[in-house]
Structure formats: structure tokens, C-alpha cells
Amino acid sequence: LSNLQLVTRRDNCLRAKAKDPIVKQMVCSYDLGSFWRFVEQSYNINKIDLRMRHESYKEYWQEIFKTSTVEEVLAS
């Protein structure tokens, strides 16, 4: 188990068929730490985006409900 690496099937095939040692060296295991940091960063960005959209919608509807009722908005 100590010598196993996480690679895609495509990368594994490239490495197995490559005759060039540089290609064999470049097609190597993935850095899971970097991958999870990327996922976490994307999640945080999406959370911020969602929060900003929520605030925008809240402001939009508050302005509308200052002059109209829910029934009036739904009827229009």
C-alpha cells in the first residue's frame, strides 16, 4: 500500500505506455491537499456569492413591499 498513488485511468495509461522518462515523471500522483484546498475555496466563494445574492434579493423585495402588498405583487 505504501507505493500506491492516486491517478486517473488516463494518466495511468499514459504513464504505462510512455517511453519518454520525462512524460513518466510528469504523469504522477495528484496532490490531494491542493485539491481539497481548491474545493474548500470554491465552496467559500459560492457561500459568499449566495450571501450577496440573498442580500440583493432582500433589498429588492423590501423596496417593493414598501408600496405594495403581497397580494398586489402576486396579482400583477
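Mentor: Let's start with Asp-49, which is partly exposed, with a relative accessible area of 34% (buried is under 20%, exposed over 50%, partly exposed in between, using a 1.4 Å probe and protein chains only). Keep in mind that this is a predicted model, where local features need pLDDT of at least 70, side-chain atom pairs count only at pLDDT 80 or more, and totals for chains, interfaces and linings use all residues. Residues are numbered from 1 along each chain as its sequence is written, and side-chain values use heavy atoms, with hydrogens and water left out.

Now find the partner of Asp-49. Asp-49 makes a salt bridge with Arg-53, and their closest N and O atoms are 2.5 Å apart (the term asks for a side-chain nitrogen of Lys or Arg within 4 Å of a carboxyl oxygen of Asp or Glu). Side chains of opposite charge can pair when their charged atoms come close.

The structure has 2 salt bridges. In the other, Glu-63 pairs with Lys-66, with 3.1 Å between the closest N and O atoms. Glu-63 and Lys-66 are 3 residues apart in helix α3, again about one helical turn. Glu-63 is partly exposed at 48%, while Lys-66 counts as exposed at 61%.

Patch residues have over 30% relative accessible area and no salt bridge, with nonpolar side chains joined within 5 Å and like charges within 9 Å; areas come from the Shrake-Rupley method with a 1.4 Å probe. Helix α3 gives the largest share, 4 residues, and α3 and α4 (70-75) each supply at least two. Tyr-57, in helix α3, is exposed at 53%.

Finally, step back to the chain. It has 4 helices and 0 strands, and of its 76 residues, 5% count as buried. Its accessible surface comes to about 7,400 Å², with 59% belonging to carbon and sulfur atoms.
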